[in-house]
Amino acid sequence: MKKPRGRQTEAEERMPIRHRWRAQPPGDSDEARAGTLLRSAAAVQPFGARNLAEVAARLRSRERHLSRKWAWQIAIAVGLLLFGGAVSAAVMHFLRVASVGPALPDTPVSMPTSKTVRRRHMLVAQPFVPAVSPAPEAPLVPGSTEEKSESLPVKASIESPPAPLANPSALAQESRLLAGAIHKLRQERNPGRALAMLDQHRARFGANGALEPEAKVTRIEALLRLGRHDQALGLLDAQTLTAAGVGREMLVARAELRAEKGRCGAALNDFNLLLAAEAPPDLVTQRAMYGRATCRAQQGDWAGARSDLEHYLARFPKGRFADQARAAMGK
Amino acid sequence: MPLVRPDATPFIESPSGVPDLETLYRTHAPTVARWAARLAGPLVDIDDLVHEIFLVVRRRLPEFRGEAKVTTWLYRITERVALESRRKDRFRRWFSRARHFEIERTIAPTHLTPVDEVERRQSSETVYRILDRLPAKYRNVLILFELEELSGEQIATLTGLKPATVWVHLHRARVRFVAEMKRDSERRT
């Protein structure tokens, strides 16, 4: 007697399946929904003659590939050595702090127990939590945490360096809150909740928070995911953006949103700024080239639009907008 | 149009009886690329992956004695390289999330990108997100059956499994896929 597994017996499981889910017509059943999903994933980009030739060329230059691989391995080995060294140094530092003991003039001298040593490790280690690492002596700064100021009052007053620019614990809290918002946005795909956390961040740390620029980018991303393009554009309009780093993505986002709102003049400024800078062959450049063509066409500058599309196709013949560009040019 | 220039230098010398790399590449690269694209999902660079696969093929070609079908042998290599690539990709995505913001993906749904293309891409990502939660043996069989549209017998030949085992894996893959699909849609609502 065969043992049933879930809903199907082993004998049933051995039965050939005759119908593919992909062949199911759309509907509300699980199979139909799965079929709809799978149909969407069925298309793959063809591996054409161009790809074949490119990979063949790479296979012929094996040595270059191997030397790159070696470079990576050496870099990783050096990284591990440096990391190991840093960990050893940190451990030695903690041991040294523990072995020195509190040495406070108004407290009785006693041998540190394992418990007190552990406690001191925690006190020293705590400020290393924030993303911006303070100097090794930072834990002794008065007022950095309440615990520390109670535990080491005299030592702190003797050894305290000039007051730090940012309170590490506040920075840690800010960092945690922002990381939570990003997690909600990216992992949990919950832009509404992410926005609520960003509001909390703003209420708590104001516009002068150390991580305010990152919070603003996250807010823009959340607003875009919620489809609140007007608000996102409002924030982006207030920014002074440059065509470098994350600024490129913000700039192209702003240009596209401006174009979407029919503000093609302002959008063209952004697209021009992006394309005037050194433009790597990435998607941002593709979007900027195609976006500028669209804006120029909307403004009646057909020659400019055509020139942009021709440049786009020459540079990105298999780009994301290549089909639309060819269709627009009647190719 | 020839896939590889006829005057091109062969990658390796051909041992007697065993196909040389160039012949293998010319004959099977498009199929291998399609398997790789299906197994690794939409986020990989397919040129890189095919390159990796044929580097392994070149390395292991002297060991190939023709006991298995060439396609079976190539499929197994593809499967392993694709699996490794997915692992690396997961790590890379995690690392890049910590490093920079993904405005590009977020803003794609503007009037400049056709909506249906965006939806197709999102659905495709959903399929692979669900498939990635299945054990590899179920995941791959489901991909070969539903996406590559191979028959049970063809899958058995390619994977080296018995036909009955293929059907068992496929039944279980389907049950798990539906469960994960429901879980995914609950998580998103």
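Q: What pLDDT does chain A average?
A: The pLDDT, the predictor's confidence in each residue from 0 to 100, reaches at least 70 for 73% of the residues of chain A. This is a predicted model in which local features need pLDDT of at least 70 and side-chain atom pairs count only at pLDDT 80 or more, whereas totals for chains, interfaces and linings use all residues; side-chain values use heavy atoms, without hydrogens and water. Residues are numbered from 1 along each chain as its sequence is written, with chains lettered from A and ligands numbered from 1 in the order in which they are written. The average pLDDT of chain A is 73.

Q: How many contacts beyond near neighbours in sequence does the model have for residues 101-166 of chain A?
A: Residues 1-5 of chain A have a pLDDT below 50, with seven contacts (heavy atoms within 4.5 Å) beyond near neighbours in sequence. Where pLDDT is low, the predicted coordinates should not be read in detail. For residues 101-166 of chain A, where pLDDT is also below 50, the number of such contacts is 54.

Q: Which element of chain B has the highest mean pLDDT?
A: Chain B averages a pLDDT of 77, and 72% of its residues score at least 70. Its elements are DSSP runs numbered from the N terminus, helices being H or I of at least four residues and strands E of at least two. Helix H4 (residues 103-107) of chain B has the lowest mean pLDDT, 38. The highest, 93, belongs to helix H6 (residues 136-147) of chain B.

Q: How is H1(B) placed relative to H2(B), oblique or parallel?
A: Helix H1 (residues 21-40) of chain B and helix H2 (residues 46-60) of chain B pack at about 130°, with axes 9 Å apart. Axes are lines fitted to C-alpha atoms, for helices over the stretch in contact, and angles run from 0 to 180 degrees between N-to-C directions. Angles under 35 degrees count as roughly parallel, over 145 as roughly antiparallel, 65 to 115 as roughly perpendicular and the rest as oblique. The angle therefore makes the placement of H1(B) relative to H2(B) oblique.

Q: How many residues of the contact of H1(B) with H2(B) are nonpolar?
A: The contact includes B:Leu24, B:Tyr25 and B:Val32 of H1(B), and B:Ile53, B:Phe54 and B:Arg58 of H2(B). Ala, Val, Leu, Ile, Met, Phe, Trp, Tyr, Cys and Pro count as nonpolar, Asp, Glu, Lys and Arg as charged, and the others, Gly among them, as polar. One residue of the contact is charged and none polar; the number of nonpolar residues is 15.

Q: What is the handedness of the crossing of H3(A) and H2(B)?
A: Helix H3 (residues 49-60) of chain A packs against H2(B) at about 45°, the axes being 10 Å apart, which means that H3(A) is oblique to H2(B). A crossing is left-handed if the near helix is turned anticlockwise from the far one by less than a right angle, and right-handed if clockwise. The crossing of H3(A) and H2(B) is right-handed.

Q: Which residue forms a salt bridge with A:Asp230?
A: A salt bridge is a side-chain nitrogen of Lys or Arg within 4 Å of a carboxyl oxygen of Asp or Glu, and the count over all chains is 32. In this pair the closest N and O atoms are 2.9 Å apart. The partner of A:Asp230 is A:Lys261.
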